[in-house]
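Visitor: Hi! I'm new to this one, could you walk me through a few spots?
Guide: Happy to, let's bring it up.

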Amino acid sequence: MPLFKTRSAAIYGVDALPIEVEVDMYLGDPKNFITVGLPDTAVRESRERIKSSLINAGFGYPAKAVTVNLAPANIRKEGAGFDLPMALGIMGAMGTIPTNSLEDFIIVGELSLDGGVRPIRGALPTAVCAKKEGVLNIVVPQENAAEAAVVEGVNVYGVKYLADVVRLIEKPETRKPASGAALNGSGAQHSRAYNFRDVKGQETAKRALEIAAAGGHNILMVGPPGSGKTMLAKRFPGILPGLSFEEALETTKVHSVSGVLESKVGLLRERPFRAPHHSISNAGLVGGGMGVARPGEVSLAHNGVLFLDEFPEFPRNVLELLRQPLEDGEITIVRSDLSLTFPSSFMLVAAMNPCPCGYFGDPTRDCRCSPAQIQRYVGKISGPLLDRIDIHVEVPPVKYRELRSEQSAEPSEAIQQRAEAARQVQMRRGYPNAHMPSKHVREHCKLDEAGERTLEMAVQRMGLSARAHDRILKVSRTIADLGGSQQVTVAHLAEAVQYRSLDRTYWA
């Protein structure tokens with residue numbers, strides 16, 4: 001029998017690389033099913049699934065030895081997505097399907113024992129890989145068709161059974177590819193159950209969150225238990241500007257390779273909101289793990305929000321790992337045999353109590369913590385990490401009259417419109433204010449003489465670093481954009497400085 005070849009793809013980071021699946025059969029013990037080409041355990045175990053699947057689907061299994069080569073051999077192959085192309089390669093070598101019938105296909109899918117095709121991770125990056133390689137057709141499990149069909153210029157065929165692929169080869173006119181145009185708008189539409197109209201009082205914190213949303217700034221909220229920090233954070237995604245198509249594509253790719261994308265979802269339409277528990281490990285936060293490295297929470301929050309509640313309760317070594325993604329918008333996982341870079345441009349929203357008991361500075365309750373305990377507690381947040389958080393705001397207890405007020409608060413939709421308008425002004429400059437390159441800060445954040453004196457006084461009195469100096473200017477630029485001002489005035493600068501003064505109360 002001639003050597004039969006099919007094509008597939010391997011996930012590497014958040015991208016997919018083309019893989020050639022070569023199947024050869026020869027006289028020998030049928031129990032000999034050898035897979036070479038740096039396969040992991042799941043790929044090596046595929047021989048049992050493939051045998052049962054071919055037999056139970058009615059295609060039979062050859063009474064010969066089989067060797068499968070996954071090329072190139074220097075790329076590690078992981079997961080069960082190679083089941084389907086390997087099974088089709090065996091069928092081609094048996095003569096069940098015509099030679100060269102799959103030359104213009106990239107195929108991925110996990111097989112069940114009855115010949116069914118199960119969903120896999122990374123269908124969207126696989127479709128992107130097919131387009132880049134000039135391959136016109138891609139076969140994926142039915143549950144992944146909406147996701148893969150987002151990529152234009154590639155015919156995506158969703159299949160439920162192994163027999164569906166055979167029918168597609170024999171009678172291609174009977175199968176229509178999934179429509180990307182129809183699926184582009186069918187992303188996950190999460191219900192906006194959380195709205196700022198439900199939040200009583202906390203006008204200062206709401207204003208700070210509006211500024212953070214408009215400019216893409218990181219924010220830290222400090223206040224006693226029950227003051228509404230978590231409530232505010234959960235409503236924060238509802239005021240963020242919408243995702244562009246490019247941002248949605250990047251975000252969906254990360255969720256796809258992580259296996260957390262909902263079934264039959266095409267493109268994510270809302271910014272992700274991730275809120276890991278403070279017991280999270282290093283690998284869980286920034287990525288890594290056994291086998292091929294997986295994206296962590298900082299990457300799953302890409303183009304969205306990473307909410308860290310009880311901020312000082314996270315291990316300090318875990319928090320320090322946030323420095324690179326906060327500064328560079330990406331995280332690099334380095335091992336002895338590979339180096340992977342995951343996108344991680346997120347907005348950090350952190351919340352914490354001012355002390356271990358939570359009532360330091362509370363006007364109605366006594367704090368039971370000693371000064372040493374307070375300093376040890378807040379000292380878990382290092383100065384360099386604190387410097388990377390643009391806005392620090394206090395969230396005091398809500399007054400009784402505000403809590404019982406019948407007056408409705410401003411809804412999220414109104415705040416989101418202002419944030420969207422300010423973000424559009426920034427994007428005409430090329431970037432959100434939080435990501436403004438340092439060389440452009442002086443150009444877009446020019447100050448008059450009074451502004452220069454105010455900033456100089458703030459830097460000297462508060463002992464601010466050069467990084468904090470730049471971040472104050474960026475926040476003041478966002479405040480000016482929200483107010484529709486071309487010039488950064490003293491009022492804008494004073495408000496931005498106010499959002500850097502709180503850390504001196506606790507970290508002085």
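Visitor: Which backbone oxygen does the side chain of Arg500 reach?
Guide: That of Ile389, at 2.7 Å. Keep in mind that this is a predicted model.

Visitor: Which side chain has a polar contact with that of Arg500?
Guide: Asp387, and the polar contact between the two side chains is 3.3 Å.

Visitor: Where is Arg500, and is Arg500 buried or exposed?
Guide: Arg500 lies in helix H22, which covers residues 490–507. Its relative accessible area is 1%, and because buried means under 20%, Arg500 counts as buried.

Visitor: What is Arg500 in contact with?
Guide: Setting aside neighbours within four places in sequence, its contacts include Leu386, Asp390, His392, Met462 and Ile472.

Visitor: And how far is Arg500 from His469?
Guide: They are 31 residues apart in sequence and 9.8 Å apart in space, C-alpha to C-alpha.

Visitor: New topic: what is the order of the strands in the open sheet?
Guide: The 4 strands run E1-E2-E4-E3, with mixed pairing. Strands E1 (4–12) and E3 (33–36) are at the edges with a single partner strand each, so one side of each has no neighbour in the sheet.

Visitor: How do E1 and E2 pair?
Guide: In the antiparallel sense, over 9 bridges; E2 spans residues 15–26. Lys5 sits opposite Glu22 in E2.

Visitor: Which strands does helix H3 touch?
Guide: Helix H3 (residues 83–94) packs on the sheet and touches E1, E2, E3 and E4, with its direction at about 170° to that of E1. Helix H4 (residues 123–133) packs there too, touching E1 and E2, and its direction makes about 80° with that of E2.

Note on methods:
Residues are numbered from 1 along each chain as its sequence is written. This is a predicted model: local features need pLDDT of at least 70, side-chain atom pairs count only at pLDDT 80 or more; totals for chains, interfaces and linings use all residues. Side-chain values use heavy atoms; hydrogens and water are left out. Two strands pair if DSSP finds at least two bridges between them. Helices (H or I, at least four residues) and strands (E, at least two) are DSSP runs, numbered from the N terminus. Contact means heavy atoms within 4.5 Å. Axes are lines fitted to C-alpha atoms, for helices over the stretch in contact, and angles run from 0 to 180 degrees between N-to-C directions. Buried means under 20% relative accessible area, exposed over 50%, partly exposed in between (1.4 Å probe, protein chains only). A polar contact is a pair of N or O atoms within 3.5 Å; within protein, one must be able to donate a hydrogen and the other to accept it, and residues adjacent in sequence count only if both atoms are side-chain atoms.
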